[in-house]
Amino acid sequence: MPEFTLSVNGQSRTVNVPGDMPLLWVLRDTLGFTGTKYGCGIAQCGACTVHLGGAPTRSCVTPVASVGTRPITTIEGLSGDGSHPVQRAWIAEEVPQCGYCQSGQVMAAAALLAAHPHPSDADIDAAMTNICRCGTYQRIRRAVHRAAGEV
Amino acid sequence: MARVTQTRREFLQTSAAIGTSLVIGFHLPAAGRRRAGSFKPNAWLEVQPDGAVNIWTGRSEMGQGVRTGMPMIVAEELEADWQAVHVIQADANPAYGDQMTVGSRSVQTGWDPLRHAGAAAREMLISAAALTWGVPPTECRAEKGVVRHASSGRSLGYGQLTERAATLPVPANPRLKSPAEYRILGTRVPRVDTPAKVTGRAQYGIDVRVPGMVFAAVARCPVFGGHVTSFDATAARAVPGVTAVQQISRGVTVVAENTWAAFQGKQALRMEWDEGTNARWSSQSIHDAFVAAAARPGEAVRTTGDVAAALGGAAHTLDAIYDAPYLAHACMEPMNCTAQVTDGKAEIWAPTQNPQGIQREAARLLGLGPEAVTVHVTYMGGGFGRRGGPMDYATEAVELAQKLGKPVQVVWTRQDDIQNGVFRPATYNVLRAGLDATGRPVAWSHTLVGPDGPSFMITRGADELIYAIPNFRLTRVKEDPGIPVAPWRGVGPSQNGFIVESFVDELAHAAGKDPYDFRRGLVSGQPRLLAVLDRAAERAGWRSPPPAGRHRGIALWQFGDTYVAEVAEISVQQGGLPRVHRVVCAIDCGTVINPDTVEAQCQSNIVYGLTATLYGEIGIDRGRVVQSNFNNYPMLRLAQMPEVEVVLVRSDNPPGGIGEAALPAIAPAVCNAMFAATGTRIRRLPIVHAG
């Protein structure tokens, strides 16, 4: 079994897994970062979104062998204590319902705001494509605007 | 702020995940037991000597806010300081009554017992203080976790009263607060689960980690009712990480060290199926069978007056045929369950709306008494009925755990979830109505063809209209194509709302009346319906023309004791699909526990219903589900989200349900707006197929 050394939330972790194993499952089942969720396995829903080298990435279709040295940030590593402006905005707007998609939504929003500190509604439409079955979209939009300028 | 206490299982999971040793002694008190020094008069609450208050919730949290709402009711009557409240999810346990979290009824059915539980404890704490001071209890009052004796200025915190309160009898008829005295109910209390849900700490079923556990995926027959005849697991066993292949009653499982290896192994299985008799069905043949069945006599569900005579004497009659499709639930968290069976005991971790059902079913499968089966309820990544009645996801795990002799988590792929699931029933509906010369409806006839299933899933919402129509008949004809059906958010009204409120709109236009005025005239004697209808129309600006290019539709619905009116404002896009810009939703759900949660549930129902209205359809080909994932079973996304404005119509009536009430009206509101825009009536959902 090949060996990969990954940088996850600032820590170096070595795993022995097949190279084609998606990063999602390495994170969840090998390393125990269960905050990142499985939703579809085909990059449709975004529940598995993590930051790879700072870019929002759907980890369910990202083979671990393709990660290389790019740092990985998961929801657990975004702030550690829920103090990231996006997390604070999510709490202030009471965004989550079932909450299952929200790790991915928060990671997508954090990446959007890092790239566009003051996104327009059109920017949000384009960047926030993650599926939420509970229908929290209206609150997600408000929370992104609330966090704007703080990331 | 109140918070969710980490439960023992979550603690164990966290411990396992971070690799520390287990601390066996760490536990939270079980229902009915109390820790030394604490005051625990019933299963619902416990006051600790430090003043902390534990409140248990017996129902399952799937996004609807019950883990916050039910404890708010207890805390209100207890006069607890909400900041001191810890909420704990109960395991399956008869102490919590029926724990089935379905039908939007948790708060409705919990309203009286939870208030009494809190009020009884409050009176006992007051009595304990009165005894301590040697004063009459009537001179003492409780306020935010403290009992005060006004005339002497003395006070004691709840934590200081636990020992004495625990010795007192539980009052049978405690005084309940009046709504004017509420401090917690009716306020925007932050949800207790939000912090864990934005940091990845919330533990869903799929996140359960038990020492020594393995993961499994199941290959099930793609045709409903089929079964395995033989299989070749050579390639599956060769997948790195696969440790076993095991047949169970519902298919063949691949067991592995991680979920992905289990999925890969399942993919590598070579399966031979006996597809059974259902392989002959397709969407077209099901439709044809429904059409043929509509000519059969059927069962009279409800009849009032003489429909045939009234239709014969009507000045104007209308006929229409409406179709509703099969739908999948597509919860964001795919079905899963973790189980361990050892030494005549079973422990199950389930994202479930039905922990007691799983307990009973597991006990039956294993030949154990229910008391030997522990069911822990995790957070659910959506329920929508999929995790209510059906228990397929749990029984597979229990059966496999017994065969393996080790803990196992069975995880469904998204494809399994869409293709091997249970579905909202499809129905075929023949409607005929008559208007008198003044445009008032005098007769309504509805023949509803659909699969076998309980009436709440098939006929509810079509069986009794909110409108006064003197001659009414609903006939049900059963035609079952073997597609397994299950409750789906909104149950019968999820399809019958579309059918009834669209046809009512047809009647309004046939009568030459404004659809809002037409409904107003028919509910004039029903103030709660009239109020939501008026408030929705007023907020939506119904009497003023919509912005250029936009069109409005209106619908009205009663779901149990909750009343909802919705106005959808749409434009028609290239290709003929509506773009829904704005939805006004006026709701009277009686006493409001948490207005923010009511608003969230209205938004949620509108999105869930709008997704189905625009795109939702499960097609059948050779007895198999055609769709497989979100690429071909699409969901509404943020860019298509309308602005939803919720108008709360307040009342002091007992609380009604909110988890489904706003769903039935959205499809007809949108379709009625489409008629206003195009003059074409949509009688078959989803709209994407209407053109």
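This is a predicted model: local features need pLDDT of at least 70, side-chain atom pairs count only at pLDDT 80 or more; totals for chains, interfaces and linings use all residues.

Trainee: How many residues does α18 of chain B have, and how far does it reach?

Mentor: Helix α18 of chain B covers residues 666–678, which is 13 residues. From its first C-alpha to its last it reaches 18 Å, close to the 18 Å expected at 1.5 Å a residue.

Trainee: Which residue comes just after α18(B), and what phi does it take?

Mentor: That is G679(B), with a positive phi of about 75°.

Trainee: Let us change topic to the sheet. In what order do the seven strands of the open sheet in chain B run?

Mentor: The order is β11-β12-β9-β19-β16-β17-β18 in chain B, and the pairing is mixed.

Trainee: Why is one side of β11 and of β18 of chain B left without a neighbour in the sheet?

Mentor: β11 (242–248) and β18 (373–377) of chain B stand at the edges and have a single partner strand each, so one side of each has no neighbour in the sheet. On average, neighbouring strands of this sheet are turned by 25° against each other, direction ignored.

Trainee: Which helix packs on the sheet?

Mentor: Helix α11 of chain B, residues 392–404, packs on the sheet. α11 touches β9, β11, β12 (251–256), β16 (336–342), β17 (345–350) and β19 of chain B. The direction of α11 makes about 35° with that of β16(B).

Trainee: What holds strands in a sheet together in general?

Mentor: Strands of a sheet pair through backbone hydrogen bonds, either parallel or antiparallel.

Trainee: Then let us take β19(B). Do β9 and β19 of chain B run parallel or antiparallel?

Mentor: β9 (residues 214–219) and β19 (residues 408–411) of chain B run parallel, and three bridges join them. F215(B) stands opposite Q409(B) of β19(B), and A216(B) stands opposite V410(B).

Trainee: And how do β16(B) and β19(B) run, parallel or antiparallel?

Mentor: β16(B) and β19(B) run antiparallel, joined by four bridges. In β19(B), V411(B) is the bridge partner of N336(B).

Trainee: Which residues of β19(B) are buried on each side?

Mentor: V408(B) and V410(B) lie on one side, and Q409(B) and V411(B) on the other. All four are buried, and both faces of β19(B) are covered.

Trainee: For contrast, is Q284(B) buried or exposed?

Mentor: Q284(B) has 11 other C-beta atoms within 10 Å, and therefore counts as exposed, the limit for that class being 12 or fewer. Q284(B) is placed in helix α8 of chain B, residues 283–293.

Trainee: On to the domains. Which domains does chain B have?

Mentor: The assignment gives domain 1 (3–198), domain 2 (205–276 + 335–411) and domain 3 (283–326 + 423–689) of chain B. The C-alpha centres of domain 1 and domain 3 of chain B are separated by 40 Å. Their contact takes 18 residues from domain 1 of chain B and 20 residues from domain 3 of chain B.

Trainee: Which element gives the most to that side of domain 1 of chain B?

Mentor: α2(B) gives the most, with four residues. By class, that side of domain 1 of chain B has eight nonpolar, eight polar and two charged residues.

Trainee: And how is chain A divided?

Mentor: Chain A has domain 1 (3–77) and domain 2 (79–147), with C-alpha centres 20 Å apart. In their contact, 15 residues of domain 1 of chain A meet twelve residues of domain 2 of chain A.

Trainee: Finally, how many residues does each chain bring to the contact of chain A and chain B?

Mentor: Chain B brings 52 residues and chain A brings 47 residues. On the chain B side, the largest share, seven residues, comes from α17(B). That side has 28 nonpolar, 13 polar and eleven charged residues.

Definitions and conventions
Residues are numbered from 1 along each chain as its sequence is written. Chains are lettered from A and ligands numbered from 1 in the order in which they are written. Domain bounds come from an automatic or database domain assignment. Two residues are in contact if their C-beta atoms, placed from the backbone, lie within 7 Å. Helices (H or I, at least four residues) and strands (E, at least two) are DSSP runs, numbered from the N terminus. The expected span of a helix is 1.5 Å times one less than its number of residues. Ala, Val, Leu, Ile, Met, Phe, Trp, Tyr, Cys and Pro count as nonpolar, Asp, Glu, Lys and Arg as charged, and the others, Gly among them, as polar. Two strands pair if DSSP finds at least two bridges between them. Axes are lines fitted to C-alpha atoms, for helices over the stretch in contact, and angles run from 0 to 180 degrees between N-to-C directions. A residue is buried if 20 or more other C-beta atoms lie within 10 Å of its own, exposed if 12 or fewer, and partly exposed in between; C-beta atoms are placed from the backbone.
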